[in-house]
Amino acid sequence: VVAEEGGIPPLVELLKDEAVGPHENATRALWHLSTTRENQLAIAAEGCLPPLVANLSAELDRAKWAAAALKALSTDCSENQLALARVGAIPQLAVLLGSESDETQLYAQGALLNIAVPQESRTAVVNSLVSLLEVRNAAAQMKAAESLALLAARSAENRTVIAQAGAIMPLVRLLGDGRNVSTSQVHAAAALGDLARSGESKQAIVQAGGVGPFVAMLLSHGEEAQTRAAIAVCHLAASTSAQQLIADADGIIHLVKLLSGSNLTAATHAAGALWHLESLASTKAVIVSAGGIAALVDLLGRIEGVEGASGQDAIAALLADLARERGSAKASIVHRGGIPHLVHLLEKGSPVAQKHASCAIWGLTTEPVYQKAVIEAGAVPFLVKLLSDQKAQGYAAAALNNLAHDAGARSKLMECGVV
């Protein structure tokens, strides 16, 4: 109603009136009015953006409400996002990330993240945030790292811009030694964990010395820090240049410990990291000696039925490799109750998990003593079904071949139409 009755132009005029000075309540009114696209465009069309940007450098309360108004005006409005970049809002908003007021920080951060949506203004926002990582203002560093983490999580394009802006080295410096973890370290770890998805950024993080701090952070008592470190190590472990560094820092042992923790996200990413690290000769032995088989089987059971849970592919792959090993690994998987969980993957797992579960059952059934347990767990119908799956059919056929040596199993195979 305020907009329909012509309230926007006089409110904007109050902001422009240099004789009277900017009105805090006019700013707040415009903030509340900026909840619809029509109002956002109407307010900007009245020339409101430059005086609001000018108010960002005013005393604390005026700056706070100006930042709030700019955040609202730029939410889901590309026209205003680009216009704010043109009138110099980015450096002013970046300064406010170090404000003494938490509210002001949040409003300024929200506005910057909005302005970073269009490709044309994204690089300028990222460059401002990266420059803040080097300033001696803990609040500014923290909010800059958090903002970069939020942008990195949005898209691959954002991650490329952040890496090209030179963010990796200062973010790694923010990690410190990975101990006594602060909020800034967690945000830096979150940003680096997303950046580590790309091959070039993996190498840059390794070269900047990021592996050691991340491995140390795996031992953090804080769940968020632990999670961010596990995600980063999982991505870094896919790089051959990082693998030995992770092992040399006792990373394999730390990752095995995470498998049993209550933090499921960290545990599943730890499994993913161990999967990548299997190319190292020492990995399997360390997993076995550290009690990793029981932890992997238990973790597989914990994530069964958890909607959106990841990690099944990696856990199944690890168990498949261990099930083909000679020695006590097979017995450990069976005695811990691994067979029913593997059969569950045959039925409901992803195509990759089904392939690895078939491989694990093949490895277990090379020992006749375990064949009956596999049959009783109901594996045969699912293995027969997987004979028509190109990914899993080889392992499924190999497992069925092992089972077919048992006279009692052959009738079950015939019932399921194996021929």
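**Helix packing and salt bridges, one question at a time**

Me: Which helices do the buried residues of H2 pack against?

Reply: They pack against helix H1 (8–16), helix H3 (37–45), helix H4 (49–55), helix H5 (60–74) and H8. Please keep in mind that this is a predicted model.

Me: Which residues of H2 are the buried ones, and how do you know on which side of H2 they lie?

Reply: The buried set is Ala-26, Thr-27, Leu-30, Trp-31 and Leu-33. Around the axis they take up an arc of only 165 degrees, so they sit on the same side of H2.

Me: What makes Arg-28 and Glu-24 a salt bridge?

Reply: The N to O distance between their side chains is 3.6 Å. The cut-off asks for a side-chain nitrogen of Lys or Arg within 4 Å of a carboxyl oxygen of Asp or Glu, so the pair qualifies. Within helix H2 (residues 24–33) the two are four residues apart, which means a separation of about one helical turn.

Me: Why are Arg-28 and Glu-24 called partly exposed?

Reply: Arg-28 has 30% relative accessibility, and the relative accessible area of Glu-24 is 30% too. Buried needs under 20% and exposed needs over 50%, so a value in between is called partly exposed.

Me: How many salt bridges does the rule give?

Reply: The count comes to 12 salt bridges. In general terms, side chains of opposite charge can pair when their charged atoms come close.

Me: What makes the pair of Glu-376 and Lys-372 count as a salt bridge, and where do the two lie?

Reply: Their N to O distance is 3.8 Å. That is within the 4 Å cut-off, so this pair counts as well. Both belong to helix H26 (residues 371–376), where being four residues apart puts them about one helical turn from each other. Glu-376 and Lys-372 are both exposed.

Me: Why is Ile-90 called buried?

Reply: Its relative accessible area is 5%. Ile-90 has its place in helix H7. Leaving aside residues up to four places away in sequence, Ile-90 touches Ala-85, Leu-112, Ile-115, Ser-121, Ala-124, Val-125 and Ser-128.

Me: How are H7 and H8 packed, and which classes of residue make their contact?

Reply: Two packed helices are described by the angle between their axes and the distance between the axes. For helix H7 (residues 89–96) and helix H8 (residues 102–115) the angle is about 145 degrees and the axes are 8 Å apart. Their crossing is left-handed. H7 contributes Ala-89, Ile-90, Leu-93, Ala-94 and Leu-96, and H8 contributes Thr-104, Gln-105, Ala-108, Ala-111, Leu-112 and Ile-115. Sorted by class, the contact of H7 with H8 has nine nonpolar, two polar and no charged residues.

Me: What angle and distance describe H8 and H10, and which classes of residue meet there?

Reply: H8 and H10 pack at about 35 degrees with their axes 11 Å apart, and the crossing is right-handed. Gln-105, Leu-106, Gln-109 and Leu-113 of H8 are in contact with a set from H10 that includes Lys-143, Glu-146 and Arg-154. The contact of H8 with H10 divides into five nonpolar, three polar and three charged residues.

Me: How do you know where the buried residues of H17 lie around the helix?

Reply: In helix H17 (residues 240–248) the buried residues are Ala-242, Gln-243, Ile-246 and Ala-247. Down the axis of H17 they fall within an arc of 135 degrees, so they line one face of the helix. They pack against helices including H14 (199–207), H16 (223–236) and H18 (251–259).

Me: What makes H18 count as mostly covered?

Reply: Seven of the nine residues of H18 are buried. Among them are Gly-251, His-254 and Leu-259. Their cover includes H15, H16, H17, H19, helix H20 (283–289) and helix H21 (292–303).

Methods
Residues are numbered from 1 along each chain as its sequence is written. This is a predicted model: local features need pLDDT of at least 70, side-chain atom pairs count only at pLDDT 80 or more; totals for chains, interfaces and linings use all residues. Side-chain values use heavy atoms; hydrogens and water are left out. Axes are lines fitted to C-alpha atoms, for helices over the stretch in contact, and angles run from 0 to 180 degrees between N-to-C directions. A crossing is left-handed if the near helix is turned anticlockwise from the far one by less than a right angle, and right-handed if clockwise. Contact means heavy atoms within 4.5 Å. Ala, Val, Leu, Ile, Met, Phe, Trp, Tyr, Cys and Pro count as nonpolar, Asp, Glu, Lys and Arg as charged, and the others, Gly among them, as polar. Buried means under 20% relative accessible area, exposed over 50%, partly exposed in between (1.4 Å probe, protein chains only). The arc is that of the directions from the helix axis to the C-beta atoms.
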